[in-house]
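Visitor: I'd like to know how the labels on this model get decided. Could you walk me through them?
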Amino acid sequence: MITDREMMLRAVELARGGFPAPNPRVGCVIVRDGAVVGEGYHDHHGGPHAEVVALGAAKERARSGTAYVTLEPCAHYGRTPPCTDALIQAGMAKVVYAVQDPNPKAAGGAAVLQGQGIVVEHLTTPEAEEVNRIFLHAQHTGRPYVIAKLAMTLDGYIARPDGTSKWITGEEARAEGHRLRAEMGAVLVGASTAAIDRPQLTARIPGVLNQPARYVLDPQGRVKDFPGETLRETQIEALLQDLRSRGHIGLLVEGGAKTVAGFLEADLVDEIWAFQSPDLFGDGITAWPPRKKSGQQSNFLLHEVRRVGRDALTIWRKLP
């Protein structure tokens with residue numbers, strides 16, 4: 001016999017699909033008479049929400065069934081109609097959700113459903129909070145979730161002495177970096193990186209319908225032909241507030257070393273993704289320039305280590 005938790009964990013698994021930034025990741029499973037009759041997830045910003053996709057798969061089999069949703073169904077008109085309307089019209093008997101929606105514009109779906117006679121249960125699920133950590137962080141703190149990404153050699157260099165750094169890591173690692181760009185929804189580099197590497201900063205992998213917003217941090221206006229937008233802020237905190245006001249929930253900082261160091265010094269990095277190749281440069285630009293505050297203990301905790309093709313990926317998360 002299937003349990004509520006099993007169905008919610010399946011919904012979490014579905015939520016990992018697609019690249020919906022700046023919207024939350026949401027998965028939905030519809031069950032009737034002990035069998036799954038429909039599944040769906042929010043694939044991309046502007047596309048149908050998870051509940052609508054799952055109801056479309058279930059069709060008439062959804063009537064009198066139970067919907068398991070990782071996030072409280074929305075109750076407002078945005079780029080798509082309220083998911084509460086779709087659930088009500090489908091004749092759902094029960095809705096189980098894992099995370100209460102912190103967005104005041106979308107919240108209140110549970111009360112709407114209850115007002116229509118649908119049984120609503122809140123099933124607290126840490127895995128659902130984890131899959132939406134970027135969205136939830138932005139809603140609770142008022143600033144985007146920041147991931148600093150570095151690609152370095154085995155001996156700790158991110159570029160050769162002349163500043164060039166193309167293809168330090170292998171194809172699989174680069175694809176993972178593109179996936180991360182799409183997941184975060186916004187990517188930033190410093191002026192030197194933009195001028196020397198001339199990165200495209202796009203997510204060149206299958207399934208990406210909305211490319212991430214591209215920014216260069218260039219207070220002095222040195223970069224003239226950047227493919228994205230130039231940011232002139234000199235204070236990191238002000239920059240993040242600006243990006244949040246534009247609707248971004250996440251920001252991937254791809255370098256260079258001074259730009260990453262600036263975010264770290266401001267204590268505004270939430271995760272570090274360090275890709276390390278087996279190559280040796282012997283000389284060049286180091287991944288970690290000297291910190292202004294020497295001898296300071298790190299406030300990051302090792303979260304994950306895995307192999308990506310020929311390279312290693314180490315993920316560090318800021319301590320709560």
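Guide: Let's start with Arg32, which counts as partly exposed because its relative accessibility is 29%, and the label covers values between the two cut-offs: buried is under 20% relative accessible area and exposed is over 50%, with a 1.4 Å probe and protein chains only. Bear in mind that this is a predicted model, where local features need pLDDT of at least 70, side-chain atom pairs count only at pLDDT 80 or more, and totals for chains, interfaces and linings use all residues. Residues are numbered from 1 along each chain as its sequence is written, and side-chain values use heavy atoms, with hydrogens and water left out.

Visitor: Why does Asp33 count as exposed?
Guide: Asp33 has 72% relative accessibility, so exposed is the word.

Visitor: What makes Arg32 and Asp33 a salt bridge?
Guide: The closest N and O atoms of Arg32 and Asp33 are 3.7 Å apart. A salt bridge needs a side-chain nitrogen of Lys or Arg within 4 Å of a carboxyl oxygen of Asp or Glu, so the pair qualifies.

Visitor: How do you know that Arg143 forms a salt bridge with Asp270?
Guide: Their closest N and O atoms are 3.0 Å apart. This pair links distant parts of the chain, 127 residues apart: Arg143 sits in the loop between helix H6 (133-141) and S6, and Asp270 in the loop between H10 and strand S12 (271-276). Helices (H or I, at least four residues) and strands (E, at least two) are DSSP runs, numbered from the N terminus.

Visitor: What about Arg306 and Glu304, what joins them?
Guide: Their side chains meet in a salt bridge, at 2.7 Å from N to O. Arg306 is partly exposed because its relative accessible area is 28%, and Glu304 is partly exposed because its relative accessibility is 30%. Both belong to a network of salt bridges that also links Arg25, Glu176, Arg179 and Glu183.

Visitor: And Val305, why is that one exposed?
Guide: Val305 has 54% relative accessibility, so exposed it is. Val305 is found in strand S14 (residues 300-308).

Visitor: How many salt bridges turn up in the whole structure?
Guide: The search finds 24.
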